[in-house]
Amino acid sequence: MATVSASSLAAVIAAIGNDRLSGYEVLVRLAKPPAAPELPEPALYPTLHRLEAAGRLRAGWSTDRFGRTRRLYRKP
Amino acid sequence: MLEPDTNRSSSPDETPLPAEIDEYLSRLGAGLDLPAHVRAEIASEMAGHFRDSIAAIESEGLDPERAAREAIARLGSPTELAAELTSAHRTTRRLLSGAAGGVFQATLGAAGGMLLGIAIVAATLCEFAVVTGTLLKPPTEFLFAGLPALRAAMAGLPMATALLAWASCLAAFVAARRGVAVSSRISRRTPAAVRRVWAVAGFATLFVAAVFLVPAPQNLVSVLSLVAVPFVFAAAALTDSTPRVSLPRRKVIAAIGVLAILSTSFARNVPAWNGPLPDVANTPQAHAAQLREFDRVAPAWTYVGGHPVLAEGGGLWGSGVITQTINVWTFDPSTVDATAQELSQFKDIRFEAWRAVRFDASPAIAEWIPDPAYSAPYATAPADFHAGQLDAGQGQVEFDVSHVRTTEWIVFVTGTGPDGRRYRLNEPEFNMGGGPLVSSFTGTIWQWLTAST
């Protein structure tokens, strides 16, 4: 099992901030400075799901005006 | 195969995914060891990710086919991702929440199942009462509506234990199903993964409770019925969902309602039919045969005025206690003194509780006699007819027989006569309906199994 550092977990939460973001949007934010710790793309969704299971993130489904349905994450 | 959540991924504005992505999602789904609803959510989430990722890569100038391959390459092996996602969902916190939620829902299910089970058992008894009270009786007896026929079906406290055990079987079935479903959903373990845990834990708990902890009136039927409860629980936990039977619901409910009303109405007013009444009338031959059996307890003392010195004043029996009242014979007031004189010659007068068995004196006549398998009484108790009780003309004894499997009893009174021999002073006639005193074993199944007969 790949281990994710505490700083990566904190960076994911920080990247979400007060917004509601999909996994891909989190990935895009993490790729921009000053974020960008070591979080490979394959580890993104397991990390998000771990944070949700630990109660540090909430997730829900939303459909935007283009009809795209995405699972969005936010801080509790 | 990973099936996307159709409620979320079938938006008409979203383009179909390339075949490579479908293949990736299939392999991802095959690797996810999670309940179906979680796998569907992951499928929808990953489909959305691929759409966003492919669109972004295409905007960098790659054609759709290469963009799909690049998106797959960035996300890595579906097998490894599946393992990581499975691990992410299976937290200890969810496991404990699943266990607690499952137990809570199983308890609610057990309560509901118990109520339903009792209703079904009660309805079945009503039907039994109607059938025995109507079809098996002469029509003229309808004029003499009397005791509810339910009493016939409920005869004996161990039968009540058995009926409750049958209702408990339904409760166990519902509890196991709800427990497995809810704990699987909350803990994110597949139903297959939690079934065995539920089956083993539930079986062990219910088996220990049924066999060692719960005291109740018991006989062989109640013991077998109670032992069935943990087996029903384990079977319900281990098997797949219940097959659905399609029935016209309104008609079925209406039919059950009408049947219940009719049944209750009949059962309340139709007297019970217990089969032909036992003929316990003593023919001289049968009585003589019975007395010979009584003499095995002790030889009878010479009667006074043609009667035994003592006579039964009535017997009572409960779940595990038998009570026998003995009267000093007062048939003729002039004989009381004579009876007292007779009794005064005896020492060590005592009540003796003997196990009884049915003695078929003739094909039509049934009597009860001391069980020939035993040469001594089960219990004795002093009967002090000399200190006060004689004046009242009565003596009473109470035997606790709740921990003996034997259910039929005869109480004798014996005393040591002037010649130093023990004599029998009464002649049990079996009051209260012409039968022996009846008890029932009360205790746990283990106590029943290890009890003496």
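## Chain B as a whole

Chain B contains 16 helices and 11 strands, and the model described here is a predicted one. Of the 453 residues in chain B, 37% count as buried.

## Where the two chains meet

In the contact between the chains, 24 residues of chain B touch 20 residues of chain A. On the side of chain B that touches chain A, two or more residues are given by each of helix 1 (6-9), helix 3 (36-58), helix 4 (64-75), helix 5 and helix 6 (92-135) of chain B. Helix 5 of chain B provides the largest share of this side, with 7 residues. By residue type, the side of chain B that touches chain A divides into 5 nonpolar, 9 polar and 10 charged residues.

One pair of helices shows how the chains pack, and two packed helices are described by the angle between their axes and the distance between the axes. Helix 3 (residues 41-53) of chain A packs with helix 5 (residues 78-89) of chain B at an angle of about 10°, and their axes are 8 Å apart. Because angles under 35 degrees count as roughly parallel, helix 3 of chain A is roughly parallel to helix 5 of chain B. From helix 3 of chain A, the residues in this contact are Pro42(A), Tyr45(A), Pro46(A), His49(A), Arg50(A) and Ala53(A), and they meet Glu80(B), Leu81(B), Glu84(B), Leu85(B), Ala88(B) and His89(B) of helix 5 of chain B. The residues of this helix contact comprise 7 nonpolar, 2 polar and 3 charged.

In soluble globular proteins, nonpolar side chains tend to be buried together. The largest nonpolar core here has 39 residues, and the members that touch the most other members are Val12(A), Val26(A) and Leu48(A). At least two residues of this core come from each of helix 1 (6-16), helix 2 (23-30), helix 3 and strand 3 (69-74) of chain A, and likewise from each of helix 2 (19-31), helix 3, helix 4 and helix 5 of chain B. The largest share, 8 residues, is supplied by helix 3 of chain B.

Apart from its neighbours within four places in sequence, Val12(A) is in contact with Val26(A), Leu39(A), Thr47(A), Leu48(A) and Leu51(A). A second, separate core has 33 residues, including Ala106(B), Ala162(B), Leu226(B) and Val229(B).

## The sheet of chain A

Chain A has an open sheet of 3 strands in the order 1-3-2, with antiparallel pairing. Its edge strands are strand 1 (21-22) and strand 2 (58-63) of chain A, each of which pairs on one side only. Strand 1 of chain A is joined to strand 3 of chain A by 2 bridges, and Leu21(A) has Tyr73(A) in strand 3 of chain A as its bridge partner. Across strand 1 and strand 3 of chain A lies helix 3 of chain B, which runs at about 100° to strand 3 of chain A.

## Strand 8 of chain B

Strand 8 (residues 408-416) of chain B is largely enclosed by the rest of the structure, because 7 of its 9 residues are buried. With strand 10 (residues 437-438) of chain B, strand 8 of chain B pairs in the antiparallel sense over 2 bridges, and Trp409(B) has Leu437(B) as its bridge partner.

Strand 8 of chain B also pairs in the antiparallel sense with strand 9 (residues 422-424) of chain B, over 3 bridges, where Gly415(B) is the bridge partner of Tyr423(B). The hairpin of strand 8 and strand 9 of chain B has 5 residues between the strands, and in this hairpin Gly420(B) takes a positive phi near 85°.

Key
Residues are numbered from 1 along each chain as its sequence is written. Chains are lettered from A and ligands numbered from 1 in the order in which they are written. This is a predicted model: local features need pLDDT of at least 70, side-chain atom pairs count only at pLDDT 80 or more; totals for chains, interfaces and linings use all residues. Axes are lines fitted to C-alpha atoms, for helices over the stretch in contact, and angles run from 0 to 180 degrees between N-to-C directions. Helices (H or I, at least four residues) and strands (E, at least two) are DSSP runs, numbered from the N terminus. Angles under 35 degrees count as roughly parallel, over 145 as roughly antiparallel, 65 to 115 as roughly perpendicular and the rest as oblique. Two residues are in contact if their C-beta atoms, placed from the backbone, lie within 7 Å. Ala, Val, Leu, Ile, Met, Phe, Trp, Tyr, Cys and Pro count as nonpolar, Asp, Glu, Lys and Arg as charged, and the others, Gly among them, as polar. A nonpolar core is a set of buried Ala, Val, Leu, Ile, Met, Phe, Trp, Tyr and Cys residues joined through C-beta atoms within 7 Å. A residue is buried if 20 or more other C-beta atoms lie within 10 Å of its own, exposed if 12 or fewer, and partly exposed in between; C-beta atoms are placed from the backbone. Two strands pair if DSSP finds at least two bridges between them.
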